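Student: I want to learn how to read ligand and metal sites. Can we work through an example?

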Amino acid sequence: MLQEGTVVKAYGGHYYIASGREIFDCTLRGRFRREKKQVLVGDRVTFRLEARGYGVIEEIHPRRTTLVRPPVANVDRALIVFAVKDPEPSTFLLDRFLTQAEHAGVRPAICFNKMDLGTEPVSNIIGAYRRAGYPVVCTSALDGSGLDELRVLLEGHITVFAGPSGVGKSSLLNALVPGLELKTGEISRKLGRGRHTTRHVELLCLPGGGLVADTPGFSSLYLPEMKREELGEYYPEFLTYRDGCRFTGCLHFQEPDCAVKKAVEAGEIAAFRYENYLRLLKEVMEMERRY
Ligand code: GDP
Ligand code: ZN
């Protein structure tokens, strides 16, 4: 009998495949091993059921996306987590993570955690990101508020969490996945340890459907390699204006008659988003010089 599922864990030649509400312990057909075809966590596969709970992978489906950090196929959601405070959120860092997610072809959503500490300090920021077109949820891993909304956001997706350490990523995962019991800061530490741990990235099954990587994605330090014209495409609120710029390929920087700059002056685009954009643009230009 053939069945379809998603690889959630790969270890010592065994591939654990989630299909329906069950996990199947599968091996790989010999020809895949000879072709050195790599199976990634997140891959959709067809497998043949051989015995109760056991099977053999017969087919690996084409990937829609491939993340490198962590190595997971078919990620279609990045949840970028910041705290309302402790640590104080940085919109510049948030915009870096957003840029990386968009560049990887993964749709970002933003989560402000620790809202039990009060959302007033960030209410302006939250409004700006919502107007820019991003889904924003406010949660508290401590008292459970907002978690239902977060569950809905993750349902039916493969998600990686991203964000600085200390914002509550491990705590949120513990709240979403019964019985997980990650230690405080555990997911953040995984990010720093590099190759060894990321090879064993695992997808956690959410009770309501949906899978979440147990290792955070992206990096707070590096931007992906890109052309300077690309950066503006990752700003959804710029896209509605750029047809009004005088020059095609306008960088919204020093060009005259720039519709994006006019929208910033008119208060239609948040000034801090534009300032962060200029800082990132300078980084991209620096990088271009080095390649
Ligand atoms: P990570 O490094 O992003 O995985 O963050 P952790 O989950 O380890 O949390 C860092 C610290 O923030 C811990 O001391 C948590 O107990 C605390 N914390 C996590 N979520 C919340 C929350 O919603 N509210 C409050 N007040 N503290 C939280
Ligand atoms: Zn422009």
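The dialogue below takes the two sites in turn.

Tutor: This is a predicted model: local features need pLDDT of at least 70, side-chain atom pairs count only at pLDDT 80 or more, and totals for chains, interfaces and linings use all residues. Residues are numbered from 1 along each chain as its sequence is written, chains are lettered from A and ligands numbered from 1 in the order written, and side-chain values use heavy atoms, without hydrogens and water.

Student: Where do polar atoms of the protein lie relative to ligand 1?

Tutor: Look for pairs of N or O atoms within 3.5 Å. A side-chain N or O atom of Asp116 is 2.7 Å from a nitrogen atom of ligand 1. A polar side-chain atom of Lys114 lies 3.0 Å from a ligand 1 oxygen atom. Ala141 uses its backbone: an N or O atom there lies 2.8 Å from an oxygen atom of ligand 1.

Student: Which residues coordinate the zinc ion (ligand 2)?

Tutor: Donors are N, O and S atoms within 2.8 Å of the metal (3.2 Å for Na, K and Ca); water is not among the atoms, so sites may look incomplete. Cys245 (SG), Cys250 (SG), His252 (ND1) and Cys258 (SG) coordinate the zinc ion at 2.1 to 2.4 Å. Their sequence spacing is C-x4-C-x1-H-x5-C.

Conventions: A polar contact is a pair of N or O atoms within 3.5 Å; within protein, one must be able to donate a hydrogen and the other to accept it, and residues adjacent in sequence count only if both atoms are side-chain atoms.
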